[in-house]
Amino acid sequence: MHPPQLRSAAEDIAFVLETLGVGEALMRLAPFQEFDTATLVQIVDEAARFSREVLAPLNAVGDREGCTWRDGEVSTPVGFADAYRQYRDAGWPSLPCDPSLGGQGLPLVAQIAVQELTAGANLAWTMYPGILHGAYECVHRFGSAALRDAWLAPLVSGEWLATMCLTEPGAGSDLGQIRTRAVWTDERQETVRVTGEKIFISGGEQDLTQNIVHLVLARTPDAPAGSAGLSLFLVPKILANAERNEVRCTGIEHKMGIRGSATCSMAFEGATGYLVGEAHRGLEAMFAMMNSARLHVGASAVGLAQGAYEMSVRHAHERVQSRVPGADAGTPIAAHPAVWRLLEGQRVGVEGARLLLYRAALAIDEAHHAPTLAMRADADALVALLTPVVKATATAQAFAGSSDALQVFGGYGYVEETGISQFVRDARIPMIYEGTNEIQAIDLLMRKIVKDDGVTLSRWLAWGQAMVREARALERMSGFDDALHGFNTWTDLMPLLIAVARATPRAALCVAGEVMQAVHGLSMAGLWAQASLAEAASGTPSDTKRRAARYWLKFELPQTHRAMAIVASQIHDPETAE
């Protein structure tokens with residue numbers, strides 16, 4: 001049993017970029033040939049410094065003070081606005097944006113790293129710029145030339161911030177129930193007046209920027225019923241003529257966590273809006289933004305889990321309690337086997353989530369810039385497959401890891417002054433917003449597996465299986481044999497699962513969560529095998545990743561087998577779902 005290792009997020013991100021070959025893969029893409037891995041690591045180090053020195057000291061401040069609302073205006077906690085000014089002045093918002101618009105043209109991988117680091121230091125603050133890249137992508141991809149010229153540059157620079165306005169009272173995730181109306185005001189059907197109410201809008205009002213660009217789903221009078229008839233509109237707080245638009249914040253929520261983030265109710269009262277993309281095809285444009293948001297939520301979750309882990313490791317090394325058999329008196333609790341399990345489980349969980357996160361981010365860069373259309377299509381399909389897995393499993397890990405971190409603190413963890421309870425409270429919401437984890441499981445099963453007959457998943461798992469075979473030959477870990485058995489089990493299960501999902505969708509959906517666990521577990525088997533091989537080939541004396549792989553194979557892989565057993569049971573007896 002090795003003592004718990006404490007490696008910073010920046011160090012482990014560097015491992016992913018350097019040793020695991022993400023940086024090298026990026027350099028094979030035409031736009032990034034000049035951005036070597038060392039440059040990317042330097043960006044990560046600087047983001048870590050900013051997060052540590054500027055954002056982390058404000059985390060407890062935001063939790064303690066929260067936001068205040070008065071007469072439609074929102075004040076953020078002390079220091080938040082100044083921190084955002086520093087963030088904007090340093091150029092962080094423009095990292096992955098088009099250079100022709102003032103962006104830096106860096107890969108999305110770099111921006112995801114910044115998101116992870118800032119969220120780990122202060123999730124509530126990170127919520128304000130967190131949706132900025134998704135809004136940029138949405139307008140850049142679907143907006144007209146006039147819309148891009150008028151509104152994109154200030155988003156790229158971070159002069160303005162953005163929101164995503166979907167949820168309405170009583171509608172929740174059922175977008176077909178959206179009642180917000182948009183009435184055309186011009187013959188070309190480009191401009192509307194938007195009227196309706198939206199709730200749970202992060203950063204719907206704030207004092208960090210003068211203008212806020214709201215991207216709003218609404219229904220035009222000529223729209224067909226259901227979610228397919230929705231359109232997307234850009235509705236600014238301040239219009240191009242400097243007049244205030246007819247949109248206002250009617251209140252903010254008082255929440256369990258992320259208290260420094262203003263979660264707003266918004267009223268649109270005949271507000272001027274501009275069509276993004278085609279009429280009645282708003283979901284296509286909105287999902288481009290939402291998928292970006294889901295990956296960023298995954299990055300935030302990894303950052304939260306890392307922050308909680310670091311706090312618990314430090315406490316476990318400082319806290320002396322009882323005597324471990326065979327050890328000297330005064331041994332820190334980190335030496336206790338039960339505490340070691342809590343710590344090592346957190347470490348393996350967060351580092352594993354990071355492996356999956358950056359593989360998905362790399363796939364996005366490949367989908368945009370791979371040399372052939374076929375390669376781009378394959379990468380895009382992999383992004384679609386991995387996005388719900390990243391969102392659901394990373395956020396679940398963040399909450400479980402934060403809870404384990406509090407357990408390491410014991411009774412002290414339940415006391416607010418230690419700070420770990422804030423991580424538990426903050427880590428609970430990412431499992432809910434941007435589509436609950438249950439919705440992610442449904443999306444994975446029905447839209448990403450059943451819809452394409454499991455082709456993309458089979459291709460991805462074939463890669464993972466090859467990694468496991470290679471690692472087994474080199475490392476001779478018995479756990480890799482169990483992993484190979486898991487791949488074979490899934491190969492037999494998947495055709496049956498797809499058949500049941502098509503014939504009796506309810507029966508399959510009852511085990512969508514277990515399907516998510518199985519896909520995640522098999523993905524992690526491949527990624528841990530790859531990490532072990534990369535570490536062995538690096539020539540360094542470290543065996544950090546190989547020890548993590550052993551831990552995962554011994555303590556976590558059995559959960560993957562359990563999930564597949566439940567799926568198999570349901571497949572063979574689907575009537576129990578009735």
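How many bridges join strand β4 to strand β5, and in which direction do the two strands run? Four bridges join β4 (residues 181–184) to β5 (residues 191–202), and the strands run antiparallel. Strands pair here if DSSP finds at least two bridges between them. Helices (H or I, at least four residues) and strands (E, at least two) are DSSP runs, numbered from the N terminus.

The model is predicted: local features need pLDDT of at least 70, side-chain atom pairs count only at pLDDT 80 or more, and totals for chains, interfaces and linings use all residues. Residues are numbered from 1 along each chain as its sequence is written, and side-chain values use heavy atoms, with hydrogens and water left out.

**Strands**

A182 has V194 of β5 as its bridge partner. Six residues lie between the strands of the β4 and β5 hairpin, where Q189 takes a positive phi near 55°. Strand β5 is also joined to β9 (residues 263–276), by 10 bridges, and this pair runs antiparallel. Opposite T191 stands Y274 in β9.

**Helix pairs**

Two packed helices are described by the angle between their axes and the distance between the axes. Axes are lines fitted to C-alpha atoms, for helices over the stretch in contact, and angles run from 0 to 180 degrees between N-to-C directions.

| Helix pair | Axes come within | Crossing angle |
|---|---|---|
| α13 (residues 437–450) and α15 (residues 478–503) | 11 Å | roughly 110° |
| α4 (residues 80–89) and α6 (residues 123–130) | 11 Å | roughly 50° |

Angles under 35 degrees count as roughly parallel, over 145 as roughly antiparallel, 65 to 115 as roughly perpendicular and the rest as oblique. Helices α13 and α15 are therefore roughly perpendicular to each other. Their contact (heavy atoms within 4.5 Å) is made by L445, M446, I449 and V450 of α13 with M494, L497, I498, A501 and R502 of α15. These residues divide into eight nonpolar, no polar and one charged. Ala, Val, Leu, Ile, Met, Phe, Trp, Tyr, Cys and Pro count as nonpolar, Asp, Glu, Lys and Arg as charged, and the others, Gly among them, as polar.

Helices α4 and α6 are therefore oblique to each other. Their crossing is right-handed, meaning that the near helix is turned clockwise from the far one by less than a right angle. In α4, F80, A83, Y84 and Y87 meet A124, W125, Y128 and P129 of α6. The residues of this contact divide into eight nonpolar, no polar and no charged.

**Domains**

The domain assignment gives domain 1 (161–279) and domain 2 (437–572), with bounds from an automatic or database assignment. Their C-alpha centres lie 39 Å apart.
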